[in-house]
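This report is written for a reader who is new to the structure shown below. Please keep the sequence and the 3D view at hand while reading.

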Amino acid sequence: MSDIFFWVFSVMAVVSALSVVLNRNPIYSVLSLIVCFFSIAGHYVLMGALFLCAVHIVVYAGAIMVLFLFVIMLMNLKDVPEFVSKWWHFGAAGAAVAAMVFGLATHLFQSYNPRVIGDMQLKPIAQALFTTYAVPFELSAILFLSAVIGVVALGKSE
């Protein structure tokens, strides 16, 4: 049964990622990216990493995507002007599909060796986050705050 869910989540991730790239409307691209994040979170559930799944949903699908939507709505973007012809879009989509088929073929023809994910407990992650990686964690918070301030400044200048 987990194989079926794996393929469903994989197809959802690839289709929504292609939709992110090929959509001209930025709002639809952000919504497709949210679907892609949820399908990746489904892969985390299949691996048994429930904490990583929850953090992925809260951080990426929650905070980052809300920030993206906020930026798009403040800048009042409707359609992105077309800089290149549509043939480049089809070429990029074809290259992505070819890479996916190549990856799938190499995965199917190599010997199967399941990897052990490890012990996904909260205590070692929290200790590493608040001791070893405390400064980069705070710097990323400052970076996101400066991005929000920049968006508000750009939005008010009009």
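## Ser32

At 11% relative accessibility, Ser32 counts as buried, because the cut-off for buried is under 20% relative accessible area. The model in which this residue is described is a predicted one. Ser32 belongs to helix α2.

Leaving aside neighbours within four places in sequence, Ser32 is in contact with Ser16, Ser19, Val20 and Asn23. Ser32 can also be placed relative to Val15: the two are 17 residues apart in sequence, and their C-alpha atoms are 8.8 Å apart in space.

## The protein as a whole

The protein has 6 helices and 0 strands. Following the sequence, the pattern reads α-α-α-α-α-α.

Of the 158 residues in the protein, 16% are buried. The protein exposes about 11800 Å², and carbon and sulfur atoms supply 74% of that area. Contacts can also be sorted by separation in sequence: among those between residues at least 6 apart, 68% join residues at least 24 apart.

## Ser16 and Asn23

Two of the contact partners of Ser32 are Ser16 and Asn23. Ser16 is found in helix α1 and is buried, with a relative accessible area of 6%. A polar atom of the Ser16 side chain lies 3.2 Å from the backbone oxygen of Ala13. When residues up to four places away in sequence are not counted, Ser16 touches Ser32, Val35 and Cys36.

Asn23 has its place in the loop between α1 (2–22) and α2.

## Ser39

Another serine, Ser39, is found in helix α2. Ser39 is buried, and its relative accessible area is 0%.

The side chain of Ser39 reaches the backbone oxygen of Cys36 at a distance of 2.7 Å. Setting aside residues up to four places away in sequence, Ser39 touches Phe9, Met12 and Ala13.

## Helices α2 and α3

Two packed helices are described by the angle between their axes and the distance between the axes. Helix α2 covers residues 26–47 and helix α3 covers residues 50–75. Their axes come within 9 Å and cross at roughly 175°. How are α2 and α3 oriented relative to each other? They are roughly antiparallel, because angles over 145 degrees count as such.

On the α2 side, the contact is made by Pro26, Ile27, Val30, Leu33, Ile34, Phe37, Phe38, Ile40, Ala41, Tyr44 and Val45. On the α3 side, the residues they meet are Leu50, Leu52, Cys53, His56, Ile57, Tyr60, Ala61, Met65, Phe68, Leu69, Ile72 and Met73. The residues of this contact divide into 22 nonpolar, 1 polar and no charged.

Note on methods:
Residues are numbered from 1 along each chain as its sequence is written. This is a predicted model: local features need pLDDT of at least 70, side-chain atom pairs count only at pLDDT 80 or more; totals for chains, interfaces and linings use all residues. Side-chain values use heavy atoms; hydrogens and water are left out. Axes are lines fitted to C-alpha atoms, for helices over the stretch in contact, and angles run from 0 to 180 degrees between N-to-C directions. Helices (H or I, at least four residues) and strands (E, at least two) are DSSP runs, numbered from the N terminus. Angles under 35 degrees count as roughly parallel, over 145 as roughly antiparallel, 65 to 115 as roughly perpendicular and the rest as oblique. Contact means heavy atoms within 4.5 Å. Ala, Val, Leu, Ile, Met, Phe, Trp, Tyr, Cys and Pro count as nonpolar, Asp, Glu, Lys and Arg as charged, and the others, Gly among them, as polar. Buried means under 20% relative accessible area, exposed over 50%, partly exposed in between (1.4 Å probe, protein chains only). A polar contact is a pair of N or O atoms within 3.5 Å; within protein, one must be able to donate a hydrogen and the other to accept it, and residues adjacent in sequence count only if both atoms are side-chain atoms. Accessible areas come from the Shrake-Rupley method with a 1.4 Å probe; for residues, only the protein chains shown count as cover.
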